[in-house]
Structure formats: structure tokens, C-alpha cells
Amino acid sequence: MTTSITPNIHDFLVRIDPFDKLPPELVAAIANTVKVKYLVKGETIDFSALCQQRYLYIIRTGAIEQRTQTGELRARLGQDDQFGFTFLKPLVNTEDGYQAQAIDDSLLYLIPHQELTLVCETYPDFADYFAAQANIRLTSAVNDVCKKEAKGLFFRTVGEIASENIAIVSSHDSIRDVARMMCGMIHDTQRSSCAVVMQDQDIVGLVTDRDMTQSVVASGRDIDEPIETVMTRNPHLIEHDAKVIQAISLMMQYNIRCLPVLTGKRVTGLLTTTHLVHNHRTQSLFLLEKIKYASSVTALTNLKGERETIFQALVEGGVSAEIQGQIMSMMMDAFTRRIIQLSEEVLGPPPCEYAWVVAGSHARKEVHMLSDQDSALVLSDHASDEHKLYFTHLAMRVCNALAACGYPICDGRYMAASPKWCQPVSRWKEYYQKWVSSPEYNRLLSISVFLEVRAIYGKQELVEQIQHHLHDCIQQSSGFIPALVRDAVETQPPLGIFNHLVLEKSGQNSHTLNIKKYALNLIIDLARIFSLAAGGSLTGTEERFRYAAQHGVLSQDSCENIIGAYRFITQVRFRHQLNAILAGEMPDNHIIPDHFSSFERKHLKDAFKIISELQDVAKLKFVKGR
């Protein structure tokens with residue numbers, strides 16, 4: 001097509017995703033092939049395997065509604081949106097088709113299928129942008145943002161920054177000889193803060209400067225003993241091609257200072273905290289150590305600003321939502337543990353065994369800047385009323401201190417400071433039995449908070465007891481999972497996010513899209529349902545979906561689709577929150593649809609459609625009578 005409107009088509013294409021990522025000469029060539037179609041309101045386009053002409057459709061003006069052959073809504077699309085991706089692959093039968101109807105007078109640009117096929121063959125790097133499978137397009141979108149935002153150290157490999165100065169010794173070498181080698185006094189070696197201990201070509205241990213000081217000098221150890229008597233056994237290791245952010249996560253999680261770097265089975269380098277803290281963007285990631293040695297709650301509150309710095313570094317570094325959640329959760333864990341320890345120093349030792357439990361996003365290790373406190377106390381069944389008084393005071397001190405450190409009080413009061421959530425094991429078992437056997441709305445609300453719990457301090461076994469009881473109750477109940485499904489599908493994802501559809505209708509957030517309510521919560525609910533149906537006890541959203549797929553309750557395609565949707569939506573949410581912080585505003589979950597870029601609108605609609613389809617699967621699979 002070479003007409004006077006071709007320049008207009010070209011100017012339109014170069015500003016929308018994914019054409020804005022293609023070489024300019026290629027976009028110009030595509031613009032010349034575009035056909036223009038006008039649909040009056042109510043006019044339809046039918047897709048089926050019998051169609052000979054296939055196109056990618058782009059909405060220039062107007063609005064389109066997609067429906068399946070059974071009349072169910074697939075999506076509502078507006079200006080700049082695209083459809084016909086599934087038409088870019090051979091359709092097996094007419095059941096794969098659908099109907100697109102104009103709900104307003106609409107002007108469409110049609111790009112022939114063969115032109116896009118040629119683009120993908122000539123430029124394979126762009127093939128994923130036009131993939132028929134939504135999860136491939138979403139994964140490509142996530143990776144594209146990561147490429148744009150990857151900065152500094154985060155996306156370099158461990159091998160790029162690791163030191164080559166590392167001592168490799170035998171488990172039978174004496175402490176004296178190892179110390180001399182680490183000091184660079186043997187075989188012209190350079191000084192190393194760490195020695196890797198080998199036995200029969202296997203890595204069996206690690207020795208650091210600190211080990212030499214604490215386990216040898218301070219303990220008066222005989223320096224002629226073999227090094228294996230003081231080494232740390234089964235050390236953590238990392239591959240040379242792992243990303244630096246993975247190393248940081250590992251070092252934070254296990255509070256370690258040295259990581260031997262492997263290439264295959266060969267030790268080729270050493271990564272230490274020193275390498276990382278020289279870079280200002282990662283220095284704050286070692287906040288855990290500052291928290292661990294804070295001497296007061298006041299000292300801890302002075303550290304809360306570093307959380308924001310860390311969040312900004314992670315988002316701008318293009319770090320995956322899963323790792324971001326894990327790192328932010330480690331920090332919340334550390335704040336909570338230290339506050340509990342400081343509180344025990346004031347109140348005295350606990351009068352009986354107990355466990356401090358976290359729930360919600362904290363339990364799932366999906367903490368973000370808006371995460372509030374969801375917690376509980378599980379006490380030994382030997383706890384008396386006097387003991388409970390101690391734990392009430394403990395919980396109030398801890399919850400108030402956490403609020404001072406930047407973790408808000410839960411609006412629903414699902415916190416250990418509430419007497420209802422400070423109970424012995426036997427009462428928690430009663431709660432779960434009641435919630436599962438009679439899942440009315442108010443009980444579903446409570447169990448939705450405490451379905452995923454994690455002990456972060458105290459007697460882990462107490463929490464394991466109530467978790468085992470919960471899963472026994474669920475396995476014996478035929479109505480609990482269907483009740484969860486009915487509750488989970490009551491809210492529908494926003495299949496249309498233009499013309500003020502599915503927006504908040506009133507209040508200070510009117511005309512905004514609540515991305516937590518209409519997307520993320522729905523995914524979290526679905527993960528919980530499919531995992532529980534498979535008998536799983538995992539808490540993380542992605543790991544729950546993977547568990548369900550591994551146990552045949554969820555198809556592998558559906559698993560990949562929903563995880564792709566979850567990652568992209570979370571990424572959009574984090575970017576929105578960071579933009580608010582950078583603008584000096586309070587972060588929230590309410591996004592004005594007009595602020596979505598073409599890129600975000602397009603991929604969010606893919607994600608919302610995936611959520612809707614999985615809701616339908618859950619209804620068919622778990623709710624009788626459907």
C-alpha cells in the first residue's frame with residue numbers, strides 16, 4: 001500500500017509497541033503493506049481455521065470486544081491495542097477461533113500475516129514480540145524492561161567481579177600452612193581472605209580470616225592440627241555465570257561474607273562483601289548486618305530509610321519480582337527478629353516456648369514497599385493466662401516498633417498484638433478446623449490471611465504442628481477449595497482498561513485502576529487454590545503454581561502463562577511505586593490508566609486475559625455443577 005496515508009500509518013506504528021523496537025527501515029516497509037478497514041458499531045470479524053487471509057489487527061480509533069464461540073468475553077480493546085496474535089499460528093480447528101465485534105465505530109490497521117512471518121525470519125530477535133502464546137510475549141516484555149533498566153553491578157556476572165586471589169588447600173594441610181598460604185607467604189601466592197578446602201577433588205570446606213581469629217587464635221588451637229578441624233563444612237558456592245544479584249541474595253540469606261566461584265567443578269575466584277560494598281548501589285543491601293547489631297529500637301528506626309534505597313536499586317536494576325520480594329522479606333525478617341530480641345531483653349526471657357509467625361505477603365516472601373504487618377503468636381499448650389499476659393506485652397512492643405521502622409499496622413488487626421491471634425497450639429487447631437469446615441465469608445477472610453504462615457523466631461515445631469493440622473483438615477473437606485474458588489472468582493480482572501471501565505468509582509482514588517485488587521490478589525488466590533488442591537504446603541506464589549503443575553493439577557502451559565502474567569504485573573506495580581517515591585509522593589496500588597504506555601497497556605491486557613482464563617479453569621475444575 002503506497003498512498004498519501006502511508007506516512008500517517010508509519011508515524012503511528014513507530015510510537016507503539018513493539019514496532020518502536022524494530023529498525024526504522026523495517027517499520028517503513030511494514031507501513032507500506034498495511035491495509036485499512038473500517039467497522040461500524042456492531043460489525044464483526046469472524047476468525048476460524050477456514051480463513052485464508054490472516055492479519056495482525058491494530059486499533060487506530062474505536063473499540064473492539066472479543067468473544068469466544070460460546071459468547072464469553074475474552075477482552076475489550078481500545079486505541080493502540082492489537083489482536084490477531086493467535087491467528088499467527090495454524091489453527092487446529094474452528095474451536096480455536098473467536099469473534100471480534102466493534103462496540104464503537106472503529107478504524108483498524110491490518111498487517112498481513114506473511115509480512116510478520118518475514119519479519120520474524122529476518123530478525124529472529126524480534127520473533128517473541130509477535131508470538132502467538134501470550135506468556136512468550138509477556139516474558140519478552142519483562143526481559144525487555146530488564147535490558148533497559150539493568151544498571152551497574154546487578155546484571156554483571158559473578159565471574160566478572162570475583163577476585164582471582166583465592167587459596168586452595170587440602171583438608172590434611174595444617175592450620176599453620178593454610179594461614180601462611182592465605183597471607184601469601186607460600187609459593188609466591190597473593191594474600192587471600194579465604195581458603196577453599198579440597199579433598200579428592202571435591203570442595204569440602206571453607207576457612208576465612210574470621211575463622212582463623214575465632215576458632216584458632218581465640219580458642220588457643222594447636223596450629224599443627226589439620227585445617228579440616230576448624231573449617232566450615234559444606235560451604236555455599238556459586239557459578240561464575242550467575243548474576244551478582246543472585247550472589248547478594250545468597251549472602252544476605254545465610255549471612256556469609258565469602259563465596260567461592262566455580263567454573264564447572266573448578267574454583268576460579270572468590271566473591272566477598274568487600275567487592276560489593278565498594279559499589280554504593282549494593283552497599284545498602286548489607287543492611288542485615290546493621291540490623292543484627294542494632295542496640296535499640298531507635299537505632300533500628302534510623303535504618304528504615306535504607307529500605308527505600310534498596311527498593312529503588314532493585315527496581316532500577318531490573319531485578320525480578322521474585323528476588324525483589326525475597327530480599328525485601330529478608331530485611332523485614334531481620335527487623336522483626338532484632339525487635340523481638342530487644343523486647344525480650346526488656347521483659348525478660350519468655351515463660352514458655354513460642355513462635356513468632358508472619359502471614360500474608362511476608363510469609364510468601366513477597367514483601368514490597370506497601371507491605372503491612374500480618375503476624376501471630378503460637379504458644380505452647382502449657383501457656384497459662386499469666387504467660388499470655390507476657391506475650392501480649394511482647395507483641396505490643398514488637399508491633400509498635402515495626403510500625404516505627406516503616407512497616408504499617410494492619411488495618412484488619414491481623415497481628416500478634418491482637419489477643420485473638422496470640423493463642424496456644426490447641427486453639428490454633430480449633431481455628432483451622434472451624435474455618436475449613438464452615439468457610440463462611442468472615443471465616444474465609446481470616447483463613448485467607450493465615451493459610452500461609454512462616455515462623456521467623458522461636459520454636460519452629462509449634463508452627464509445623466498447626467500447619468500439618470490445617471492441611472489434614474483441607475484434605476478431609478470436600479467443600480473448602482470450592483469455597484475458595486467461589487470467593488476468588490467473584491472479582492474479575494480488568495479485561496478492558498479504557499473509557500473508565502473497571503475503575504474505582506468514588507473516593508480519593510476514583511478513576512484509577514487498583515492493580516492489587518483486580519490483578520495481583522486474583523493471581524495469589526489462584527496460586528493458593530491450585531497448590532492446596534495438589535496437597536502442597538508451599539507459600540510463594542510462583543512456587544505454588546510450579547508445584548501444582550508438577551503434580552498434574554495445572555497444565556504446564558497454564559503455569560507458564562500465569563507466572564508470566566504475575567511477573568509483568570508485579571513489575572508494573574513496582575515501577576509505579578518507585579515513580580511515586582521519586583516524585584516525593586506516597587506509593588500506592590492505584591494507577592491512572594492514561595498513564596499506561598502503549599507497551600504496558602498491550603501486555604497488561606495479555607496478562608488480564610490469562611488471569612480470566614485460569615479463573616474459568618478453576619471454576620470448571622473445582623466447583624461442582626459447572
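Reader: At what angle do the axes of helix α22 and helix α23 cross?
Author: At roughly 175°, in this predicted model. The axes come within 9 Å. Helix α22 covers residues 541–550, and helix α23 covers 556–582.

Reader: So are they roughly parallel or antiparallel?
Author: Roughly antiparallel, because angles over 145 degrees count that way.

Reader: Which residues make the contact?
Author: From α22, Thr541, Glu542, Phe545, Arg546 and Ala549. From α23, Gln556, Cys559, Ile562, Ile563, Tyr566 and Arg567.

Reader: How many are nonpolar, polar or charged?
Author: The contact of α22 with α23 has 6 nonpolar, 2 polar and 3 charged residues.

Reader: New topic. Which residues touch the most other members of the largest nonpolar core?
Author: Trp356, Trp428, Phe450, Phe545 and Ile569. That core has 138 residues. Phe545 also belongs to the α22 side of the helix contact.

Reader: Which helix gives the most to this core?
Author: Helix α14, residues 321–347, with 12 residues.

Reader: What is Ile569 in contact with?
Author: Leaving aside neighbours within four places in sequence, Ile569 is in contact with Ile515, Ala519, Leu520, Ile523, Leu604, Ala607, Phe608 and Ile611.

Reader: What does the second, separate core include?
Author: Among its 21 residues are Leu26, Ile58, Tyr109 and Phe126.

Reader: Now the open sheet. What is the strand order?
Author: β13-β14-β15, with mixed pairing. The edge strands are β13 (238–239) and β15 (266–272), each pairing on one side only.

Reader: How many bridges join β14 and β15?
Author: There are 6, in the antiparallel sense. Strand β14 spans residues 258–263.

Reader: What stands opposite Val267 in β15?
Author: Leu262 does.

Note on methods
Residues numbered from 1 in each chain as written. Predicted model: local features only at pLDDT ≥ 70, side-chain atom pairs only at ≥ 80, totals over all residues. Heavy atoms only, no water. Axes fitted to C-alpha atoms, helices over the stretch in contact; angles between N-to-C directions. Helix = DSSP H or I, 4+ residues; strand = E, 2+ residues; numbered from the N terminus. Parallel < 35°, antiparallel > 145°, perpendicular 65-115°, else oblique. Contact = heavy atoms within 4.5 Å. Nonpolar A, V, L, I, M, F, W, Y, C, P; charged D, E, K, R; others polar. Core = buried A, V, L, I, M, F, W, Y, C linked by side-chain atoms within 4.5 Å. Buried < 20%, exposed > 50% of the residue type's maximum accessible area, 1.4 Å probe, protein only. Pairing = 2+ DSSP bridges.
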